[in-house]
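Here are my notes for anyone opening this one for the first time. Have a look at the sequence and the fold, then read on.

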Amino acid sequence: ARKGKTPEEVVRKYLQKVRNPPEEDCTICMEPLASPSGYKSAQGQPPVKPDLVGKLTKCGHIYHLHCLVAMYNNGNKDGSLQCPTCKTIYGVKTGTQPPGKMEYHIIPHSLPGHPDCRTIRIIYNIPPGIQGPEHPNPGKPFTARGFPRHCYLPDSEKGRKVLKLLLVAWDRRLIFTIGTSSTTGESDTVIWNEVHHKTEFGSNLTGHGFPDPNYLDNVLAELTAQGITEESLRD
Ligand code: NAD
Ligand code: ZN
Ligand code: ZN
């Protein structure tokens with residue numbers, strides 16, 4: 001969906017002008033920053049002056065404006081930008097998860113490795129449907145295998161924090177995406193995105209079960225990489 005701003009306007013919002021580019025290469029196009037961008041304009045895209053250079057305001061990494069606009073146009077154009085070098089997120093990153101439901105409840109049993117607390121069970125349900133413009137093959141059907149998918153967290157303070165952040169990730173459409181399953185090889189299907197879930201309760205036959213003493217810290221880091229932190233809970 002268009003947010004009213006052109007891709008160039010979105011990208012410029014996160015940049016400061018650089019008048020004298022340093023003697024370094026742009027890591028998007030690999031051309032020197034002092035030379036024009038090596039990126040060719042895609043057909044039908046309005047041209048961006050190829051010699052303009054900008055510095056991202058939070059992380060300070062420098063690129064050709066044209067290269068950042070090309071990168072933005074390759075994504076889902078949600079008004080956010082992620083620095084390709086250090087992954088700093090500008091704006092609110094959203095994904096392409098298709099419509100569905102996320103529910104959770106407490107079950108009165110403990111997980112291996114978490115003997116002192118009960119368990120949160122999350123249930124994701126996504127039906128098959130038709131791909132939207134943000135998906136790999138717009139207009140084509142997608143499948144949704146193995147739903148409802150059940151996932152588990154310890155009902156501890158840290159586990160409840162992860163749950164809250166996962167609810168934000170769900171709202172931002174970042175838990176699933178449509179693509180090719182690396183497990184089954186099937187394309188145009190709903191797959192996990194970059195936030196790992198534990199789908200086994202009492203065993204660990206798939207490696208997606210408990211015990212896993214690092215799981216909560218790992219998933220917190222994966223959520224941070226999607227721009228979801230404790231700060232996201234305040235707004
Ligand atoms: P995928 O195989 O492309 O993998 C994407 C990410 O999900 C990877 O990081 C991977 O490590 C992780 N992942 C893979 N299997 C997982 C599992 N069982 N539990 C938690 N994380 C897992 O993504 P996908 O196709 O969405 O995941 C495959 C899993 O989905 C299967 O193992 C199964 O649980 C479920 N599935 C079930 C059916 C079915 O008909 N019952 C069909 C397809 C997939
Ligand atoms: Zn460049
Ligand atoms: Zn950066």
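1. Some ground rules. This is a predicted model, where local features need pLDDT of at least 70 and side-chain atom pairs count only at pLDDT 80 or more, while totals for chains, interfaces and linings use all residues. Residues are numbered from 1 along each chain as its sequence is written, and chains are lettered from A and ligands numbered from 1 in the order in which they are written.

2. The overall picture. The protein chain has four helices and twelve strands (DSSP runs numbered from the N terminus: H or I of at least four residues for helices, E of at least two for strands). Its C-alpha atoms fill a box of roughly 60 × 40 × 30 Å along the principal axes. The domain assignment, automatic or from a database, gives domain 1 (7-90) and domain 2 (101-233), with C-alpha centres 32 Å apart.

3. Helix 4, residues 215-225. Tyr215, Val219 and Leu223 are buried here (20 or more other C-beta atoms within 10 Å of the residue's own; exposed means 12 or fewer, partly exposed is in between, and C-beta atoms are placed from the backbone). They sit on the same side of helix 4 because they cover an arc of only 70° around the axis, taken from the directions from the helix axis to the C-beta atoms. The face turned away from that buried side carries the exposed Asp217, Asn218 and Ala221. Just after helix 4, glycine 227 takes a positive phi of about 85°.

4. Of its 24 residues, Leu165, Ala169, Ile175, Val195 and Leu223 touch the most other members. Helix 3 gives the largest share, four residues. Leucine 165 touches Leu223, Ile228 and Ser232, leaving out residues up to four places away in sequence (contact means C-beta atoms, placed from the backbone, within 7 Å). Apart from this core lies another, of 19 residues, among them Val10, Cys26, Val53 and Ala70.

5. Ligand 1. There are 13 residues around ligand 1, and Arg145, Gly146, Ser181, Thr183 and Trp192 come nearest (near means a C-beta atom, placed from the backbone, within 6 Å).

Conventions:
Core = buried A, V, L, I, M, F, W, Y, C linked by C-beta atoms within 7 Å. Contact = placed C-beta atoms within 7 Å.
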